[in-house]
Amino acid sequence: MKNLLIALLLLPATVFGQSKSIESFINQYEDNDDVSVVSIEGSLFSLIASMADFEDEDSENDEEMEAVKRVFGNIESMKIVSVPYKVAKFDNTKIKEFRSDLKKDNYTELMSLRDDGKNMTFMAQGEESELSNMVVLIDEEDKLTVLSVIGSLDMKDLALLARNHDDFH
């Protein structure tokens with residue numbers, strides 16, 4: 001159970017009020033049959049947070065489980081939209097424009113990486129101690145996936161969970 005909670009948590013998920021650029025992107029593609037869409041609403045995250053109360057009640061990981069509860073309790077929703085390039089007719093210029101639009105919506109790039117043919121960009125709104133409205137752009141060979149999380153994440157909770165992630169195996 002802890003592994004599931006941490007795996008879901010460490011999806012770059014944060015709490016958010018959706019930005020205009022993300023909302024526009026999702027609205028443009030979500031009704032297309034070739035586009036994959038996953039929507040998870042806050043009540044599921046609240047359920048996961050409440051399940052942490054019942055996990056290993058005698059566990060030494062009380063601090064970590066409290067962090068898990070806080071993180072999941074603060075997520076309002078998550079949406080994942082995966083758009084094949086053949087549908088969107090994307091190119092590098094359009095992806096750069098989308099990232100630029102996100103910056104205009106006060107998103108800051110936290111990290112980018114390239115691995116195994118995928119380019120990933122992690123962006124969020126917020127301040128040093130608390131992130132909100134996180135988005136992850138996953139640019140693959142044949143599609144662009146946008147993962148958007150609405151809510152807030154305390155950086156201390158994330159650091160605690162990242163530092164102790166081996167405890168959840």
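Predicted model: local features only at pLDDT ≥ 70, side-chain atom pairs only at ≥ 80, totals over all residues.
Leaving aside residues up to four places away in sequence, Leu113 is in contact with Lys118, Asn119, Met120 and Phe122. A separation of 25 residues in sequence lies between Leu113 and Ile138, whereas their C-alpha atoms are 9.7 Å apart in space.

## The E3-E4 hairpin

Strands E3 and E4 are paired in the antiparallel sense, with seven bridges. Together they form a hairpin, and two residues lie between the strands. In the turn, Asp116 adopts a positive phi of about 55°.

Within this pairing, Arg114 has Asn119 of E4 as its bridge partner. Asn119 is also among the residues that Leu113 touches.

## The second largest pocket

The second largest pocket holds about 220 Å³ of space. Its lining comprises 15 residues, and those nearest the centre are Ile95, Arg99, Asn119, Thr121 and Asp139.

Four elements each contribute at least two residues to the lining: helix H6 (92-104), strand E3, strand E4 (118-126) and strand E5 (130-139). In terms of residue class, the lining consists of six nonpolar, four polar and five charged residues.

Note on methods: Residues numbered from 1 in each chain as written. Heavy atoms only, no water. Contact = heavy atoms within 4.5 Å. 1 Å grid on protein atoms, 1.4 Å probe; cavity = no way out; pocket = protein on both sides within 12 Å on 5 of 7 lines; lining within 4 Å. Points joined across faces, edges and corners; volume = space filled by probe spheres on them. Nonpolar A, V, L, I, M, F, W, Y, C, P; charged D, E, K, R; others polar. Pairing = 2+ DSSP bridges.
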